[in-house]
Amino acid sequence: MSPEKRAFICAELCNYLAAAGRFERLDSLLTDIDFLAQRCRYDGVDGVLRDLENARTASPRPWQDHAPPAQFTRFLARSSHLLRRQPALIWQEALNCAEPAVTDAAEAHRALMPTEPRLRRKSPPVADHHTGQIVSLAFWGPDLLVSTTGLEVWAWDVAHARVRARFDTPPAPAKSLSVSPDRRHLAAGYGSPDPSPHLSGVRVWTRDGAVRATHELRDWVYTVRWRSAHLLVAGGGMPQGSEANGTIWRIDLTQQSSEQVDHWLADRPVVLTWDPVPGDAGQMMALTMDGFVLHLTPDYRPITHQEAVDLSFRLMEDGDYAAHDERMLARRPVVLHLAAPVTDTAGFVRAADAFHHANRICLLGHRPVPPEMAAWHSAVADGVYLLDLADGEHLHSGFHRQLLDAGFRALCLAVSPVDEQFAYGAGHGRAYVGTMNETRMIHQGDAPVTAVCFDDAAHLVAVGDASSGVTVYDVRSGEARMRTRRPAHVVAADADVDLVLFADRVEVGATTVPLPEGMTGIAMACRARLAVVLCHAAEAPAADADWLVIVDLRTPAVLVAVPVTVPHRDRAADATAPGFRQVEVTLESDGCRVYLASPDGVTSCLLLAPETHTGFVLPEEVRDRERSMTAIRVGQQEPDLACTLLAVLPEGVLAAYVDNRAFPIVTGELHLWTPEHSEVIRCDSAVTALRASSDFMVVGTEHGEAIALRRSDRTWHRLFTVRHPVNVTSVALAENLACSASRDGLIQVWPTRDGVSVLTTSLDAEPLSICLNGPSLSVVDTVGRTHRWDIENLTLAQPAPPQPSTVEELHLQAAGCIARAVAMASTGRTRKAVRLLDDLPEIPQRPAVKKYWTSLLRQNRL
């Protein structure tokens, strides 16, 4: 049978069975893995999802939640973002999914499975939950749509508190989720410093999570709404610097076009737009971040380019900025300037909303300040404002001054689509529902509330917070209908030894080891049985703020904390910021050494005596180069060339740098000291992940590239690039294989000879650490969960277990000896503590270590 005929039969068979009323046969067909694999091959996973939806609506009997067709629908919807890329993965993902009917069907058809290499999940399924701050919420029928700073856009089944579908990953966190009037599409804006400031625009998805359209725009998008089933209006701009502005865009999905509405409309981003007269496409109103309400009508004559040039020349002549602002204001369609919304810089918190049934808006705001005072003004909402643009009656329900003085901060707001109610969330973890006359608390949590929204009938209200938690409440009763689990945030992890670092503790397998009181974990490195945690003590003086905490992984337990006395970047700009960001540990002939990365470069020192150090700083001629700066980076306080990552090679130290002054086209570069400085390679974007051996290197970048390099003739040569949809967060190396993972959870394993991916899978969280260990793959995600797979149908050598190191064992013994001396000194017996140092084992550099700790004990610096 020809492929064309087979494709036609696969496409029409379900329709034929439904029309014939053979629903039992149809259900059996749609739960046959072999048929679904063929259907995905010819028409994609979206065609299969359409078949399942048509079968559900045509069936005379409602599908039960546990029925096999319902389980297959959930499986395919959850995996659709991956199966769109590689339909052949349906067999692998069916074996690994959490739906029992699907895994049973896959096991029963193992004889039909392709013999290609695949990943077989060994770790149990985990509960659904988000990572990152909740940015936007929207109801879509029975589903709740949630977007986060973790680049997640998920549809939750509220009734069963589970994820129905994962939408294809947006380029940046999705803001202002908006469902089309015909309920067929979802739109969102994007644009923010993270993950890349020069990614901005509008993305549109279908009901199944596939990308319908992407419109890249010049400015960050803060708000998106539908004017009709195919017309969108987007508002945005740039919040700070010489490029600060406000823009409005019209987007036509039918024509696949975008058009900017006039120019020089505002000095700050547009955060809300609405139609004063529903159905009148000739009028539009907008609210800017600095509180100006604009009314665009057919009579408005926009500022021309020549007029803008003339106004700029006039400012250069008289230097009167106040007069220039007045001249610009007179030419803009401003109708009101009463209150400015407290929208945050990136637009991750929505503080204004428009009522659907009237020309009125509601916002959390404060009284506007002159532009020259904006830099010194703290945008704190002093109350809820209701602006009626139809009759000019404006209401203000202020927050009590004592409440504001005590730290109360209202952050986000949404209005009801059917009545006068609104909901708002606050920084102390509470959310309120009510009207301008009365409000009541509906949510109490321990994390700032960053997003709220009502469903279409205003029967439900959803609340999202900064720690990725989402709760749905019944508006009348206040009863919680759905609640997602909020995970703890992981700082660093090592999948090889199942080691996870949190801000206040280290978890070694199932054992928890608390960090010393007052210290916060920053980074971590380990060598078999010895782990070193880089910590920061925010309350300590700058000279004693950075520490190396030594952990014995055998016990496991903290042995001793070593103060880092080597110099690093001046903390004058932020005295509480850690000076170092990464640590690596090596065992060398002169002892156990640590390598510390700070924005200014790399420092090497002995683990137990960090007083003697070696610095690796770029030469002046490398740092001082000509650059073409096209924009001012928001919040940028880094050096022009900032060190971000490091790797230690047998021949020297490899460090990754980001060129910040080339913003927004931020580039990355690698430098090697052997022992003299030499440049290795430049990348088109910042380096975000790095793994290297003596002759092979994998570099992950902000633009979703995993770049492979091989060393020959003492020079590194670029071999190939493995692509990811978004920025790469982690890479790993093993014999003849490499692995790369991106922020959207996509994991690819590929041979180092050609980079053709042989294994692919996906997580519902951001991978933090990857380990390839013979015929197995381990990944730790950003909430501390460990995921494990066996690699099937691929012959791999079992790696030899790491051999114990004498130097490592001696350093663990020395750390224990020092810990006993520190404990004795804490009781006031300093002389006895110093004498205990005579028991130090014969480690390399023993005299220097003993001298260093004798000085610390006598100075009582511990």
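**Selected local features of the model**

Good morning. I begin with a positive surface patch, which is formed by Arg 829, Arg 831, Lys 832 and Arg 835. Please bear in mind throughout that this is a predicted model.

Ser 742 is part of strand β52, residues 737-742. Which side chains does the Ser 742 side chain contact? Another polar contact, of 2.5 Å, links the side chain of Ser 742 to that of Asp 744.

My remaining points concern the backbone. The peptide bond leading from Thr 555 to Pro 556 is cis, and its omega is near -20°. Pro 556 sits in the loop that connects β37 (546-552) with β38 (557-563).

Two residues other than glycine with positive phi deserve mention. Ser 176 is not a glycine, yet its phi is positive, at about 55°. Ser 176 lies in strand β6, residues 175-179. With a relative accessible area of 9%, under the 20% cut-off, Ser 176 is buried. Arg 183, also not a glycine, has a positive phi near 60°. Arg 183 is placed in the loop between β6 and β7 (185-191). Its relative accessibility is 32%, so Arg 183 counts as partly exposed.

Thank you for your attention.

Key. Residues numbered from 1 in each chain as written. Predicted model: local features only at pLDDT ≥ 70, side-chain atom pairs only at ≥ 80, totals over all residues. Heavy atoms only, no water. Patch = residues over 30% accessible without salt bridge, like charges linked within 9 Å, V, L, I, M, F, W, Y side chains within 5 Å. Areas by Shrake-Rupley, 256 points an atom, 1.4 Å probe, with all protein chains shown as cover. Salt bridge = Lys/Arg side-chain N within 4 Å of Asp/Glu carboxyl O. Lys, Arg positive; Asp, Glu negative; His and termini not counted. Charge placed at Lys NZ, Arg CZ, Asp CG, Glu CD. Helix = DSSP H or I, 4+ residues; strand = E, 2+ residues; numbered from the N terminus. Polar contact = N/O pair within 3.5 Å; in protein donor to acceptor, adjacent residues only side chain to side chain. Buried < 20%, exposed > 50% of the residue type's maximum accessible area, 1.4 Å probe, protein only.
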